[in-house]
Amino acid sequence: MSTSARPPSVDRLARAVSAATGLPHAVSVDLARRAIAGGATAEAGVVADAVAWRRQLLGPVINATGVLLHTNLGRAPLAAHHAARPTNVELDLVTGQRGSRQRGVGSLLASLCAAEAAMVVNNNAAAVLLAVAALAARREVLVSRGESVEIGGAFRVPEVIEQSGATLVDVGTTNRTRLADYRRAISRAGADVAVVLKVHPSNYRVDGFVESTTVADLSTLPVPVIADLGSGLIDANCPWLSGPPPAWLAGEPAVRQSIDEGAALVTFSGDKLFGGPQAGIIAGRAEFVQRCAAHPLARALRPGVHVLAALQDVALAYLGRTVVGEVPFWRMAAAPLSEVRARAERLGERTGGAVVESEAVPGAGSAPGAVIPSAAAAFDGDLLAALREGATPVIGRVRDGRTLLDLRSVDPADDEALTAAVQHVTGGR
Ligand SMILES: *Cc1c(COP(=O)(O)O)cnc(C)c1O
């Protein structure tokens, strides 16, 4: 007879796991079985592991990093308040016939972008893939060597083009590409160039001896130009803000201006500077948008009704000039510094933190190098792990041995919860 400790009973362990985590019994049984198979003997250890496992499930957090569009935190925060009801997503209410899920939101986005037409897919990577596949499969795509880039999250231009079925033709050099380089590539012997793809190198910057070609110049070429703008700044003039465009947007290419300069298609993300849900938008000339919509990949990349409804709300907010009131990203970005500082002071007073100047950033690879003046409450030491542990995890950053909680990326409606979370960690100094 063996004298070694008997493994704990699955059922007893599972009950303890459920009691501690609130997970359904079936999940707790799975976790308990796996723990026992892995040699676990102590109930406390298994429960602690289950509590940690539970924390990978999605839940709200408070973003006090100062990175307004934090890719790890879902980029643009957005309220989703559509009731559990059927929606006329593919029904034409006038004729009673089957309609297109792209039509309503597509025409709003087209108005907004001053484009002939627009459509929506799941993200901007999908938008680029579809646009290149629809316009250039089995033919050639010209891309400047300076724009053959990787953008965070493994979006690599050469690989996307390869997957589209088109052939990449590199043009120019890493730091300088001129219109004449594109011309030479188009007229070289045996060329079969379908489009030029201009990619905004969103998350990095090359300085010094650098030259690139504008959309306006590229549009003089005898092939259509697809401009992958990435960030989705709709209009460089920001007419939805009460003042002039903020300094931090300088140099960021914008949708309306790119179309105006002659881009045949532009592609951009829904959840970067646009401030909407995760989506990819393709806008431009009707014949090309139509080719994208008719391509077999369009079906595989089509967005769901919740995304379309949220995009519709955001498009209406832009068209109705209610962006700052209704689109959280722009509310955070446009908040006066004095307001942000007053909130940081209040947080500091109630938690024993010192108020410091801070530099918030747009994030998600938008406007690299740009900073938005902000204010933070600062606490000695590294409190990041403790702050992540609360019922509503708080995400901050550490600089020079202090924990900074930047108020610009926090919704003012969360200030109370943030204060309580910090008091819990600091003992309410
Ligand atoms: C962000 C970005 C992408 C990828 O967009 P997702 O919406 O994340 O798929 C592609 N191109 C550019 C230029 C970008 O900035």
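Student: Which strand does Val 266 lie in?
Tutor: This is a predicted model: local features need pLDDT of at least 70, side-chain atom pairs count only at pLDDT 80 or more, and totals for chains, interfaces and linings use all residues. Residues are numbered from 1 along each chain as its sequence is written, and side-chain values use heavy atoms, leaving out hydrogens and water. Strands (E, at least two residues) and helices (H or I, at least four) are DSSP runs, numbered from the N terminus. Val 266 sits within residues 265-269, which is strand S10.

Student: Is Val 266 buried or exposed?
Tutor: Buried means under 20% relative accessible area, exposed over 50%, and partly exposed in between (1.4 Å probe, protein chains only). Val 266 has a relative accessible area of 0%, so it counts as buried.

Student: How is Glu 252 classed by relative accessibility, buried or exposed?
Tutor: Glu 252 is in the loop between strand S9 (225-230) and helix H9 (255-260). Its relative accessibility is 6%, so Glu 252 is classed as buried.

Student: Which side chain joins that of Glu 252 in a polar contact of 2.7 Å?
Tutor: A polar contact is a pair of N or O atoms within 3.5 Å; within protein, one must be able to donate a hydrogen and the other to accept it, and residues adjacent in sequence count only if both atoms are side-chain atoms. At 2.7 Å, the partner of Glu 252 is Ser 231.

Student: Which residue of S16 stands opposite Arg 397?
Tutor: S15 and S16 (residues 402-406) run antiparallel, joined by three bridges. Opposite Arg 397 stands Leu 404.

Student: Is H1 parallel or oblique to H2?
Tutor: Axes are lines fitted to C-alpha atoms, for helices over the stretch in contact (heavy atoms within 4.5 Å), and angles run from 0 to 180 degrees between N-to-C directions. H1 (residues 10-21) and H2 (residues 25-37) pack at about 125°, with axes 8 Å apart. Angles under 35 degrees are roughly parallel, over 145 roughly antiparallel, 65 to 115 roughly perpendicular, and the rest oblique. So H1 is to H2 oblique.

Technical notes: Two strands pair if DSSP finds at least two bridges between them.
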